[in-house]
Structures are given as C-alpha cells and as structure tokens.
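We will go from stop to stop, picking a few residues each time.

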Amino acid sequence: MCLGTEVDFVISKQEVILPVEVKSDVSGKMKSLTVFMAERRKLPRALRISLLPYGSELVEASIAGMDTPAVFELLAVPLYLINRVYELA
C-alpha cells in the first residue's frame, strides 16, 4: 500500500464506500484517487466533483507490482449538482 495516497472525501451509500475527489477546474490529475482505487480493488465506483459535465467512464488503475489493473467506474459530478451527489452516485 502506498502511504502517500489520499482522497478528499469518502462517503457511503447502501454499505458501499465511495471515494470522492474534488477538483476546482476541468484539468488536474487524479493520481492519488487512481492509486487508492487500485489498492482497493473491490470498490466499484469513485466520484470526481469538478467543472466537468455529468458523465461516467471506466478507468483502469494499476500500480507497480500489480499483475492486472483494477477497473472501476468514475462518475463525474458537476459542482452545480453537488447537493444531489447521493442520488447520482
């Protein structure tokens, strides 16, 4: 496990943990979130809250020493929908 990884928030919905990364604009890397998800392969989904439009994509996350990458759904939630994050997740 990498000691330098972090996510901004972790929420739970129906006993499922959802890591949340918040970005202030449309650019910005999500290295910590990707490593976090690669280390916790059983988490199916993560959220990115930013200026990007609402959407979803499959992300492959791998770290050194991992045979196969972890695959998870990344749900993009725009800032104006943050009050509905539990509904959308």
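Helices (H or I, at least four residues) and strands (E, at least two) are DSSP runs, numbered from the N terminus. This is a predicted model, in which local features need pLDDT of at least 70, side-chain atom pairs count only at pLDDT 80 or more, and totals for chains, interfaces and linings use all residues. Residues are numbered from 1 along each chain as its sequence is written, and side-chain values use heavy atoms, with hydrogens and water left out.

**Stop 1: Arg48**

Select Arg48, which belongs to strand 3 (residues 45-50). Is Arg48 buried or exposed? Its relative accessibility is 8%, so Arg48 counts as buried; the cut-offs are under 20% relative accessible area for buried, over 50% for exposed, and partly exposed in between (1.4 Å probe, protein chains only). Now show its contacts, meaning heavy atoms within 4.5 Å. Not counting residues up to four places away in sequence, Arg48 touches several residues, among them Glu21, Lys23, Asp25, Leu74 and Val77.

**Stop 2**

Lys23 is buried because its relative accessible area is 16%. Leaving aside its neighbours within four places in sequence, Lys23 is in contact with Gly28, Lys29, Met30, Arg48, Ile49 and Ser50.

Glu21 and Lys23 form a salt bridge, with the closest N and O atoms 3.4 Å apart; the term stands for a side-chain nitrogen of Lys or Arg within 4 Å of a carboxyl oxygen of Asp or Glu. Glu21 is buried too, at 5% relative accessibility.

**Stop 3: more charged pairs**

Side chains of opposite charge can pair when their charged atoms come close. How many salt bridges does the structure hold? There are 4. One of them joins Glu39 to Arg40, at 3.1 Å between the closest N and O atoms. Arg40 is partly exposed, with 26% relative accessible area.

Next, select Glu73 and Arg45, a salt bridge whose closest N and O atoms are 2.7 Å apart. This pair links distant parts of the chain, with Glu73 in strand 5 and Arg45 in strand 3, 28 residues apart. Glu73 is partly exposed at 21%, and Arg45 is partly exposed at 23%.

**Stop 4: the nonpolar cores**

Colour Leu33, Phe36, Met37, Ala46, Phe72 and Leu74: of the 13 residues in the largest nonpolar core, these touch the most other members. Such a core is a set of buried Ala, Val, Leu, Ile, Met, Phe, Trp, Tyr and Cys residues joined through side-chain atoms within 4.5 Å. Helix 1, strand 4 (55-61) and strand 5 (70-78) are the elements that give two or more residues to this core. Helix 1 gives the most, with 4 residues.

Zoom in on Leu33, which touches residues including Val7, Pro19, Ala46, Leu47 and Leu74, not counting those up to four places away in sequence.

Finish with Gln14, in the loop between strand 1 (9-13) and strand 2. Gln14 counts as exposed, at 71% relative accessibility.
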